[in-house]
Amino acid sequence: MPSLDDEKFLRHSFAVARRARSHGNHPFGAILVDAAGEVLIEMENGFLPDRDMTGHAERLLATQASKTLAPDVLAGCTLYTSAEPCAMCAGAIYWAGIGRVVYGMTERSLKTLTGNHAENPTLDLPCRTVFAAGQRIVEVIGPLLADEAAALHDGVW
């Protein structure tokens, strides 16, 4: 069940996505929030400068989190992200041990916006499907504030 804090932190991830866009990257952002409500990590999309097709904000965040935070901390954290984690990112979130995900717009909606854009050939596979194949529970809330999340992409694709 989403809370007012979920909306507040999700909008924070939207601000990170806007920042990514202002830096010339794709408009995706993610933040990691611990059980006490402290923002531990913010991550922008990392496509540029190297044209890293795996440089999704969620994947980069999960990698940093797994290298720097203890498993018990990660289990109590929530990853907030402007768009639903793709299959790659959901796998990274799962392997990092992050316990909860809240996202803005769905992968299916993103695919509708981006079409078959060479820089974002969106996988239409719900993150819930990826998480359900695992051995640990990852709670998922979303879509939430989907119209605000979609507006981040106006004029991009």
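Biologist: Why is helix H4 (residues 87-96) largely enclosed by the rest of the structure?

Modeller: Helix H4 is largely enclosed because 7 of its 10 residues are buried, where buried means under 20% relative accessible area with a 1.4 Å probe, protein chains only. Helices are DSSP runs of H or I with at least four residues, and strands are runs of E with at least two, numbered from the N terminus. Please note that this is a predicted model: local features need pLDDT of at least 70, side-chain atom pairs count only at pLDDT 80 or more, and totals for chains, interfaces and linings use all residues. Residues are numbered from 1 along each chain as its sequence is written, and side-chain values use heavy atoms, leaving out hydrogens and water.

Biologist: Which residues of H4 are buried?

Modeller: They are Cys89, Ala90, Gly91, Ala92, Ile93, Tyr94 and Ala96.

Biologist: And what covers them?

Modeller: The cover includes helices H2 (57-68), H3 (71-75) and H6 (127-132), together with strands E3 (78-83) and E4 (100-105); contact here means heavy atoms within 4.5 Å.

Biologist: What follows H4?

Modeller: Glycine 97 does, with a positive phi near 90°.

Biologist: Now the sheet. In what order do the strands lie?

Modeller: The order is E2-E1-E3-E4-E5 in an open sheet with mixed pairing; two strands pair if DSSP finds at least two bridges between them. Strands E2 (39-44) and E5 (139-141) are the edges, each pairing on one side only.

Biologist: How many bridges join E1 to E2?

Modeller: There are 5, and the two strands run antiparallel. Alanine 30 stands opposite methionine 43, while glycine 29 has glutamate 44 as its bridge partner. The hairpin they form has 5 residues between the strands, and glycine 37 in the turn has a positive phi of about 90°.

Notes. Buried means under 20% relative accessible area, exposed over 50%, partly exposed in between (1.4 Å probe, protein chains only).
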